[in-house]
Amino acid sequence: MDFGKVAKEKLIAKYIGEDLVIGTDAEWLVNCLSHCITDSVWLTFSKPNRAILIREAESDEKDNLMLCMPLMIATK
């Protein structure tokens with residue numbers, strides 16, 4: 001895969017609260033998701049500057065639990 005310096009993605013998700021803008025290292029996020037064996041995952045956010053908790057949606061076990069740290073985003 002080719003990773004650039006900037007990318008924007010809008011995801012369809014069930015979410016209640018104010019809009020979030022969170023930046024992550026794309027290679028790190030893809031690496032985390034590549035270790036999931038199911039098609040659905042849960043991404044748990046508490047605040048834009050806190051780690052993203054990633055786990056498989058169909059698994060109750062916490063064997064495949066990952067954290068992805070956010071990056072600072074420069075806003076204009």
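**View 1. Order of elements along the predicted chain.** From the N terminus on, the elements of the protein chain run β-α-β-β-β-β. That makes one helix and five strands. Helices (H or I, at least four residues) and strands (E, at least two) are DSSP runs, numbered from the N terminus. This is a predicted model: local features need pLDDT of at least 70, side-chain atom pairs count only at pLDDT 80 or more, and totals for chains, interfaces and linings use all residues. Residues are numbered from 1 along each chain as its sequence is written, and side-chain values use heavy atoms, with hydrogens and water left out.

**View 2. Surface and contacts of the whole chain.** The protein chain exposes about 7200 Å². Carbon and sulfur atoms supply 55% of that area. Accessible areas come from the Shrake-Rupley method with a 1.4 Å probe; for residues, only the protein chains shown count as cover. Of the 76 residues, 13% count as buried. Buried means under 20% relative accessible area, exposed over 50%, partly exposed in between (1.4 Å probe, protein chains only). Among contacts (heavy atoms within 4.5 Å) with a separation of 6 or more, 38% link residues 24 or more positions apart.

**View 3. The largest nonpolar core.** Six residues make up this core: Cys-32, Cys-36, Ile-52, Ile-54, Met-66 and Cys-68. Strand S3 (52-56) and strand S4 (66-68) each supply at least two of its residues. A nonpolar core is a set of buried Ala, Val, Leu, Ile, Met, Phe, Trp, Tyr and Cys residues joined through side-chain atoms within 4.5 Å. Leaving aside neighbours within four places in sequence, Met-66 is in contact with Cys-32, His-35, Cys-36, Ile-52, Leu-53 and Ile-54.

View 4. For Cys-32, the nearest cysteine sulfur is that of Cys-68, 5.0 Å away. For Cys-36, the nearest is that of Cys-32, at 8.0 Å. Cys-32 has a relative accessibility of 6%, so Cys-32 counts as buried. Cys-36 is buried too, because its relative accessibility is 11%.

**View 5. Leu-33 in helix H1.** Leu-33 lies in helix H1 (residues 26-34). Its relative accessible area is 36%, so Leu-33 is partly exposed. Not counting residues up to four places away in sequence, Leu-33 touches Val-41 and Ile-54. Leu-33 and Ile-54 are 21 residues apart in sequence. In space, their C-alpha atoms are 8.1 Å apart.

How values were computed. Disulfide = S-S within 2.5 Å.
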